[in-house]
Structures are given as C-alpha cells and as structure tokens.
Amino acid sequence: MKVLVPVKRVVDFNVKIRVKADGTGVDLSNVKMSMNPFDEIAVEEAIRLKEAGKAEEVVVVSIGPAQAQETLRTALAMGADRAILIKVEDMVEPLAVAKLLKAVADAEGPRLVVLGKQAIDDDANQTGQMLSALLGWSQATFASAVALEGDKARVTREVDGGLQVIEVALPAIVTADLRLNEPRYASLPNIMKAKKKPLEEKTPADYGVNVDARLKVLKTEEPGTRKAGVKVASVAELLDKLKNEAGVLQF
Amino acid sequence: MAILLFAEHDNAALSDQTARTLTAARRIGGEIDILVAGKGAAAVAQAASAFQGVRKILLAEADALEHRLAEPAAALIVSLAGDYDTVIAPATTTGKNVLPRVAALLDVMQVSEIVEVVSADTFKRPIYAGNAIQTVQATDGKKVITVRTSGFEAAQAEGGSAPVETIGATADPRLSGFVENRLSESERPELASARIIVSGGRALGSEERFRQVILPVADKLGAAVGASRAAVDAGYAPNDWQVGQTGKVVAPELYVACGISGAIQHLAGMKDSKVIVAINKDEDAPIFQVADYGLVADIFDALPELERAL
C-alpha cells in the first residue's frame, strides 16, 4: 500500500508574526519557516504504518515555492521515500491545493492520504475534506488514533464533546489532530541520506489545474489588543471587583 | 438571496451554536432556511421553528444522518444547494468536517471561521491563530461559510413559527460508518456557549489535583471547565476541555485562568472573553498581559479560598 502525505511550508509555530503596516499581509521576510506541525504528525503516522509493515511506500508532496524543497527534505529525513514538489510562487488556496492533490493521487494511486488537519498560517482546515470530496473517498478528520484493518480503517476522532470512533472504507483521507502521535526528530545520518532520495519537480500546468484565487484578500490587520488590567492583592478583593466593578458575578 | 443554515444538534436538543450562526446569517441578509439533518430529530426541528425571521425548517432524517458523518451530510446539503446562494454552519467539529466537503463538491472556496460579516460577500476571519485578522471577499457564485460562534450573540428562539418541512435524505454513499461516541458526561455547561469558564493549566500538576482544585470552583460558579494544551497533553484534563488555537475558541463573560502561563496558542482561544481573571504564582506570566484582574498567588491556596467565599 502506498501512502501519500501532503506537507506545507509555513511560518514556524514559535514565531510571533507581524502584520505589515500597510495592511497588505503578514511580513514573511527573514522569518523562520518550518513544516506545518500537523503535517509533521501526518508524516510520522505514515512512516509508522510503513515500519509496522502496513504500507510499502510513503510519498510526500508539497505545493509551494522552491524553498518548500527543504520541507520535503525534512519529511524524507524523517523516513518518507520520495517527494514531489509542485512549484508555485503565490499562496494557493485549499480548493486549488485539493485539486492538485487529486491529480497527484490519480497518478500515484495511494490507498491512504494522511494530511494535517489545518495549516497554522491560514487556519482554513479545508484541504483534507476537499480532497476527499474531489476523489469521492471517505474521510476521517481530526484523528487521534488510526488502525488499519483489511480494507478499512478504524479512526478515533477528536470531536467537540469528546471522542468519536468511525470506520472508513479504503481508499480514505485521514487528517491528523495533535494527539495522533509525537513526530520524531530526523537523525543526522538520515538527514544526509535524505539528500539522495528522489525529489521530482512539477508545476500546476503539468496537472492542468488552475490555481487562481477565489477569495480576494482586501486587508490584513492586527487583532484588537487587550490591555493588561489591574493586579488585585487578595481573593476578597478579586471577588469584590468581579461583583461591583465588572458586574459578572451577581451574588 | 437565500441562505441554508446547517444546524448543530444532538438529535435531542438544538445547540446554542446554531442560534449564534443564525445571527451571522441575518447579517448576511436574505431568506434563511435551517436544515436539521439527523435521526429522531423532530424535536430539534420544532425548537428551530421558534426562531423569528426564518422562512422554514427542513428536516431530513435517516440512519446515515444520525451522527452527521461527512459523506452523507455533504451529499444532502449539495442536493439542496441549488436553491441557495449561501450555505452556512457553525465551525464546530461537525461543521468543520462537513462544509469543506460541500464546498469542494460545489467548486467553491470556503470562507472558514468568520468572526464578522462586513457585507453579503465580505467577511473578517482570523489567521495565524488570531494574530492577524483578514478581510476577504468571496468571488464564487455560491458562498460556503463556517462561523466562529464566539463572535456572534445567540439569536433568541422565541416568537417564531417557521413551518417544518420533511425532506428525503439522499442515498448513503456508504463510505464511512459510525462505531461509537466516547463523550464526556457532564452536568456542566458546554464550553463553547458557557457564560463562565474556569480553566486550569500545567501548574495543577496532576489529574487528581486538577479535579480537586478546579472543579469545585467551577461548580460553585455554574461554570464550564477548560484546560490549556499543556494540561491536556500532560493528561490532567480530557482533550475536549482544551481551549486554544487547536482546541476550542471561547468568549464567555468571565474566563478564570488558573495556573495557565498564557502561551500564544492558549490566548488565541480565549482573548475575546469579556472579563479575564488570571491566578498565577509567577507574576511575569504572559497571561497577566491580557487579564483584567490578576492575582499573583499559589492556585492551591487561592482557589480553595475562592471556593469558600462564593
């Protein structure tokens, strides 16, 4: 079985981003970039399936600028077998990403696609579900456990009220939530080995997919900021303030 | 202009998230129909018909819709979508699961987790865990939107009498099947719609102490219980209590953060609360920068004292 894992190059999760003063976007110059953390979890899950003998090959794919090669090399160093980079210069929306991934899935024929549940830059949380729709496959989003059983996968999902277990027919799309696993760090020998693993470059035109944006971004601004309030000296003073000043406690 | 609102419910009761999404739908403007997809959900449809300004309630019942799994729910919405120019749902785990599937099937780019309606096609939404707010205009013929409900007041379900129309479900694509729910049983209010939330962080130190210290205060206040990601990762609290970028985004009237340092990812989930209280031993904890009232104290002293004083 082949497993496909799409990965996205995003601003590192530790970076405090800055909004450009002219409102045209977020300043990405000289900012540390990394693999989207949820995608790292997806890569880890695919590699574990391979190590458990349930998958033969793990193919990673990224849609992004030339530098997304680094992201793919990271995935290869973790243990993926080969990589595909679909080169684009601008941001590509989830719908167009899903169309490109559908084309890749059609060409590669994976039985399972594992994705991060959302990217931490645009926070859209759409790509996996959209890909599943376009392929006409089953979907298991927000996964915290995945067990393959024959031609089915039993997936535990993180839902609002707790956990939900579903069974999906393969081929399927799984999107990874935080607690699915803890991704490994690549060892130095594996980082060296990853440099020799195959990385194929493509363009959206190779797949005949139009990646024009459907959403027009009119403005990007700082969120409203909260000011620090006051420090209170005791529990009694806190209660007094909540009752008499803030008015959020009635008794 | 007509809007189809995909209702959030559990087949027994209509969620407050639906009422909040209705407020967002009203701001977009146009006739609003509410779709109740489920099984044995007639009471939910009846509850929804009490909203004013709703044209009708569509009730679709089938085995495959009982748990609103993505494939059958999306197929149903897509079959109805021809009559609507906007499909909207709360950004619950169900809404987030189903609507992008609908959007892709309609060849529409979804607008996720809006926090403000600027006009019928223009919306504000947070990106980078709420560290930037983007204003986007949707150019597709149809709009598919999820709503971050903490940004909208709940519409009152009273005075209306929208007719309930029973519709047939589409065939089950049989791609996925429900096995079981392992839901947290609780008498406490739901996190997403609670008026007061008491949250605990890693400083609690163990699941046992989390329960001993946080729960009595929450119960005295009639509050929902939240937790930071650190507390959830450490196993002190279940995952569905997590407040933050990757957990739930909440905006209660009162948020009490106990032993939570205030990582960006946690602040993203609660900074729109009306009043924030922080109790933390570390006076330099970032949580104090967003707190209206800060108490520098050991939570193991302050919380029992607070509980006794309530």
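## Interface between the chains

In this predicted model, the area buried between chain B and chain A is about 6900 Å², where buried area is the accessible area (1.4 Å probe) that two parts lose on being put together, summed over both. Carbon and sulfur atoms give 55% of that area, and on the side of chain B the residues that lose the most area to chain A are Met109(B), Tyr128(B) and Tyr293(B), together 12% of what that side buries. The contact, which means heavy atoms within 4.5 Å, takes 85 residues from chain B and 77 residues from chain A.

Across the interface of chain B and chain A there are 46 residue pairs in polar contact, both residues being at pLDDT 80 or more; a polar contact is a pair of N or O atoms within 3.5 Å, of which, within protein, one must be able to donate a hydrogen and the other to accept it, and residues adjacent in sequence count only if both atoms are side-chain atoms.

## Salt bridges across the interface

A salt bridge is taken as a side-chain nitrogen of Lys or Arg within 4 Å of a carboxyl oxygen of Asp or Glu, and by this rule 6 are found across the interface of chain B and chain A. One of them pairs the side chains of Asp107(B) and Arg214(A) at 3.0 Å, N to O. Asp107(B) lies in the loop between helix H4 (93-105) and strand E5 (111-114) of chain B, and Arg214(A) in the loop between strand E11 (199-202) and strand E12 (215-221) of chain A, so the pair joins two chains; helices (H or I, at least four residues) and strands (E, at least two) are DSSP runs, numbered from the N terminus.

Glu221(A) and Lys124(B) meet in a salt bridge at 3.1 Å, N to O, and this pair crosses from strand E12 of chain A to strand E7 (residues 122-127) of chain B. Glu221(A) is partly exposed at 23% relative accessibility, whereas Lys124(B) counts as buried at 16% (buried means under 20% relative accessible area, exposed over 50%, partly exposed in between, with a 1.4 Å probe and protein chains only).

## A salt bridge within chain A

The side chains of Arg184(A) and Glu44(A) meet in a salt bridge of 2.9 Å, N to O, which links parts of the chain 140 residues apart. Arg184(A) is partly exposed, with a relative accessible area of 27%, while Glu44(A) is buried, at 2%.

## Basis of the values

Residues are numbered from 1 along each chain as its sequence is written, and chains are lettered from A and ligands numbered from 1 in the order in which they are written. For this predicted model, local features need pLDDT of at least 70, side-chain atom pairs count only at pLDDT 80 or more, and totals for chains, interfaces and linings use all residues, while side-chain values use heavy atoms, with hydrogens and water left out.
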